[in-house]
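Reader: Hi! I have a new model open and would like to walk through it with you. Shall we start with the strands?

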Amino acid sequence: MHSSRDRSIWRWFDFFPVADRSSIVSLGEGGTPLIHAVRLGERLGLPNLYLKNDTVLPTGSLKDRSNSVGLSVGKELGFETAAVMSTGNAAASVAAYSAAAGLNSVVMVPAGTAPSKIIQARAYGATVIVIDGDFDYDVAKLYKSAIQEFGWYDCLSSNPYRDEGKKSYAYEMVDQLDGRIPDWVIHPTAGGTGIYAMWKGYKEFLSLGWIDRTPKLVAAQSDAAAPIVAAFDKGLADVIPVVARETVAESIQVGNPVSLGWRALAALRESNGAAVALSDAEILEAEALTGSLAGIFAEPAAVTSVAAARKLGAVGVIGRDDIVVCNLTGHGLKQPEAVRLSENELTPIAPTIKSLRERIRSLENLLNG
Ligand SMILES: Cc1ncc(COP(=O)(O)O)c(C=O)c1O
């Protein structure tokens, strides 16, 4: 498994805080494709656009990078039950890695979480608790007391072992671009751990002399839940929590990052990066473009990176020749209902060539506005 041909994050074992290889809990996470998205890049005026396709990770989201390391340490520390509160993706991932590690798992999600995400966690054997209340306040309060009450292994993104796994983004990009360093790496952002961890990974390689420069990092958030963007714009050192509004990017609908958002702010500034808030309309358009021009179906939260690339390219912050990597952090099937179909598309036609011609014509008219 962990031979020199291993493409998982564990080829970077020495960079992770796991004492013994025998504790590794792996489902083959990491080594995801970095795709030169030529057609999408042409449309956005960014010919050097690359997509880091994390939709193909074992449970369909970036959380597998962190939970593989987190659960390996949890197993090493001798815990019997792992727990997490989550907007959905972390729940499924903690559940899967707990199953692989031989731990029980308890996941807490807010009411209104996409059923597909709850079902996924349940399928991995988790005890799923749906809580009536606001994620940032009610769910968080109960979760915190429960961890103390029951002594579970806390798998929130504030777990430092978990974050270490996301450093693998940096390692893989350096490897996949043959040592070229992207000018920009854009990451869909909730608590900011992805940004912080990528920066740490790049700095580790820099300090080893394996690379001689670092990319500018960009945090992409929904404008309905953008405390990191607000703090970045105001020049603040720490995040001021906001009450998150509803957004189609439900996986990153986090108004009160528990995971030390200040570290992400520091990483954005040190890297000379940026922070961008996107509207639901911009996000849904990015989802459609990523699917139809790059062949990747990513959930709304995940394509905030593409929406941000488009926005920063349009205003000239990102230059035409810059190398841009957009992390696509979750599969579209996590939240399939975000793709809205018209009544017309769903109404069956008579099985005749004539009806087929009519339907194709009417759908083409619809597409062309
Ligand atoms: C699809 C998706 N993208 C990105 C994130 C980013 O989280 P973070 O900013 O904590 O790295 C999350 C998790 O909340 C997510 O589910």
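This is a predicted model: local features need pLDDT of at least 70, side-chain atom pairs count only at pLDDT 80 or more; totals for chains, interfaces and linings use all residues.

Reader: Nice. What is the strand order in the sheet they belong to?
Author: The order is β5-β4-β3-β6, an open sheet of four strands with parallel pairing. At the edges stand β5 (127-131) and β6 (153-154). Each has a single partner strand, so one side of each has no neighbour in the sheet.

Reader: And which strands does helix α4 lie across?
Author: Helix α4 (residues 115-123) lies across β4 and β5, and runs at about 150° to β5.

Reader: OK, on to the six-stranded sheet. What is the order there?
Author: That open sheet goes β1-β2-β10-β7-β8-β9, and its pairing is mixed. Its edge strands are β1 (34-36) and β9 (274-278); each pairs with a single strand, so one side of each is left without a neighbour in the sheet. From one strand to the next, the twist averages 25°.

Reader: How do β7 and β8 pair, parallel or antiparallel?
Author: They pair in the parallel sense, over five bridges, with β7 covering residues 184-188 and β8 covering residues 216-222. V185, for instance, has L217 in β8 as its bridge partner.

Reader: Switching to packing: which residues have the most contacts inside the largest nonpolar core?
Author: Those are L40 and I186, in a core of 110 residues. Helix α3 (residues 89-101) gives the largest share of this core, with seven residues.

Reader: What is I186 in contact with, leaving aside its neighbours within four places in sequence?
Author: Its contacts are V218, A220, S305, A308, A309, I318, V324, V325, C326 and N327.

Reader: I see C326 in there. Is that cysteine buried or exposed?
Author: C326 is buried, at 0% relative accessibility. C155 is buried too, with a relative accessible area of 0%.

Reader: How many disulfides turn up in the whole structure?
Author: Zero, from a search of the whole structure.

Reader: Let's do helices. At what angle do the axes of α7 and α8 cross?
Author: They cross at roughly 55° and come within 6 Å, with α7 spanning residues 168-176 and α8 residues 193-207. The two helices are therefore oblique to each other. On the α7 side, the contact is made by Y169, A170, Y171, M173 and V174. From α8 come M198, G201, Y202, E204 and F205.

Reader: Last one: is Q148 buried or exposed?
Author: Q148 counts as exposed, at 66% relative accessibility. Helix α5 (residues 135-150) is where Q148 is found.

Reader: And how far apart are Q148 and E358?
Author: In space they are 63 Å apart, C-alpha to C-alpha, and in sequence they are 210 residues apart.

Reader: Great, thanks!

Notes. Residues are numbered from 1 along each chain as its sequence is written. Side-chain values use heavy atoms; hydrogens and water are left out. Two strands pair if DSSP finds at least two bridges between them. Axes are lines fitted to C-alpha atoms, for helices over the stretch in contact, and angles run from 0 to 180 degrees between N-to-C directions. Buried means under 20% relative accessible area, exposed over 50%, partly exposed in between (1.4 Å probe, protein chains only). A disulfide is a pair of cysteine sulfur atoms within 2.5 Å. A nonpolar core is a set of buried Ala, Val, Leu, Ile, Met, Phe, Trp, Tyr and Cys residues joined through side-chain atoms within 4.5 Å. Contact means heavy atoms within 4.5 Å. Angles under 35 degrees count as roughly parallel, over 145 as roughly antiparallel, 65 to 115 as roughly perpendicular and the rest as oblique.
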